[in-house]
Amino acid sequence: MTRYLLAIDQGTTSSRAIVFDPTGTIVGVAQQEFHQYFPRDGWVEHDAVEIWDSTLTVCRAALEKAAINATDVAGIGITNQRETTVIWERASGKPIHHAIVWQDRRTASWCTKLKEDGFENAVVERTGLLIDPYFSATKISWILDHVEGARDRAEAGELAFGTVDSWLLWNLTGGRSHYTDATNASRTALFNIHTQNWDDTLLDLFRVPRQLLPEVLDCAADFGTTDREWLGAELQVAGIAGDQHAALIGQACFEPGMAKSTYGTGCFLMLNTGDRALRSENRLLTTMSYRLDGQPTYAVEGSIFVAGAAMQWLRDGLGLIRHAGESLAHAERVGVENAVYLVPAFTGLGAPHWDPHARGAIMGLTRDTGIGEIVTAGLQSVCYQTKDLVRAIQNDGARLESLRVDGGMAVNDWVMQFLADILNVTVDRPRITETTALGVAYLAGLQTGVYGSLEEISRLWECERQFRSDMRPSLRESLYAGWLDAVDRVCNR
């Protein structure tokens, strides 16, 4: 009997569920977008209940499309938008505030003060992260300080915190499981990646009561069983990883030096560094790749806040395109030698700039500029931002000769060719680009015995197309110099 794996991929703009067979082939998929809340400039929120409702809906739909029963599922894996912060009542399961999304910048001034007061080095040493509104710690404290009575209730043990994985797990298991995995924990700025525990020094610095926190497990572990009412059977939740870590696993980047870049709402490049937590001198992050059998594997990561979201803004915000697919025709007409630059700093700039106060801009406009040039600039901005990350990685002494890509924008041949050209590295696109969901399916399969080892999973990875650079060096340098000039104009330095 075939043992299927159900992957929950809870993202920033939509919830998806994908059913995989043991070969990693998709047999059923469902997706549902949900509402984005922008209460103030730089603030981004979600309704956590809507996230749960949409997740349950797509799980049921994916099983139906796969034409299988829940009893055919060996296990469930959960991957999620990282850092997004939910706090809820243990007794009722109700959130006490909207979820504060990873993109949210409301705690920027507090983060600036913490850095000015000299706390960043202590945070970097323990977590591998910089002090930034991006991470969960200051979001947690903000909710506790702005919801009446929340801090007292948290200290009394009445409230629970979780990133979205923990929130979904709590609901799936009827409140029996309050766990997270080591990758999601490592993105809170409260977890010591060297001791693999919540860190008292960090809890005191960010004023977060320990009573709020979930227990941290390996990425492949027994996270509990779902209530029968949700999917028709009691299913084991057997794998959890934050979305970028899951994509690294889905891309089979198990050896030190292997790298992947995921193009979704944001863009995240991660390079496996094995059992060594290497500290970047160029403002990249040291983070977990994954933790299996109690053994941590580390990575360096560059985080870009806006990638696919730039195309969503061109579509929904400006109405320049009706759907993202139209961008290809514009780019093919305009070509790579585009003098217009779009810097999508809608919620600040991530690595390696880390400027929460930067805001977006379109530069190089002339009377000849039309929709095509602006749309093409949006596509190119994703590649230029990746170049920023690769340059930082190279300045840290790491070599990057090839890059495995995934996510929604990876299917765009024009973008992938421009990426190879501007990076001057080989870009490999796998047969299955839904590697985030695939990664947690693999984790669930490891825990439930569908797979015996990482080596077995590695053999399942297949390259669908390879893109090689054929751009002349002078053009590459000229285009990138224009990008750096545009970024300098929006940064506060």
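Modeller: A pocket here is an open set of points on a 1 Å grid over the protein atoms alone where a 1.4 Å probe fits, with protein on both sides within 12 Å along at least five of seven lines; lining residues have an atom within 4 Å of a point. This is a predicted model, in which local features need pLDDT of at least 70 and side-chain atom pairs count only at pLDDT 80 or more, while totals for chains, interfaces and linings use all residues. Residues are numbered from 1 along each chain as its sequence is written, and side-chain values use heavy atoms, without hydrogens and water.

Colleague: How much space lies in the second largest pocket, and which residues are closest to its centre?

Modeller: The second largest pocket holds about 420 Å³ of space, a volume being the space filled by probe spheres set on the points. It is lined by 19 residues, with F38, Q103, A309, Q312 and F346 closest to the centre. By class, that lining comprises 7 nonpolar, 9 polar and 3 charged residues.

Colleague: What are the corresponding values for the largest pocket?

Modeller: The largest pocket contains about 1,100 Å³. Its lining has 41 residues, of which Y263, G264, T265, G408 and M409 are the closest to the centre. Elements giving two or more residues include β2 (14–20), β3 (26–33) and α10 (243–250), but α11 gives the most, with 5 residues. The lining divides into 11 nonpolar, 21 polar and 9 charged residues.

Colleague: Why is α13 called roughly perpendicular to α17?

Modeller: The axes of α13 (residues 371–395) and α17 (residues 473–490) cross at roughly 95° and come within 11 Å. Angles from 65 to 115 degrees count as roughly perpendicular, so α13 is roughly perpendicular to α17. On the α13 side the contact (heavy atoms within 4.5 Å) involves S381, Y384, Q385, K387, D388 and R391, and on the α17 side R476, L479, Y480, W483 and L484. These residues divide into 5 nonpolar, 2 polar and 4 charged.

Colleague: What makes β3 and β13 edge strands?

Modeller: The open sheet of 5 strands runs β3-β2-β1-β5-β13, with mixed pairing. Two strands pair if DSSP finds at least two bridges between them; β3 and β13 (237–242) each pair on one side only, as edge strands.

Colleague: How do you know that β2 pairs with β3?

Modeller: Their antiparallel pairing extends over 7 bridges, and A17 has A30 of β3 as its bridge partner. Helix α10 packs on this sheet, touching β5 (73–80) and β13, and its direction makes about 110° with that of β13.

How values were computed:
Helices (H or I, at least four residues) and strands (E, at least two) are DSSP runs, numbered from the N terminus. Ala, Val, Leu, Ile, Met, Phe, Trp, Tyr, Cys and Pro count as nonpolar, Asp, Glu, Lys and Arg as charged, and the others, Gly among them, as polar. Axes are lines fitted to C-alpha atoms, for helices over the stretch in contact, and angles run from 0 to 180 degrees between N-to-C directions. Angles under 35 degrees count as roughly parallel, over 145 as roughly antiparallel, 65 to 115 as roughly perpendicular and the rest as oblique.
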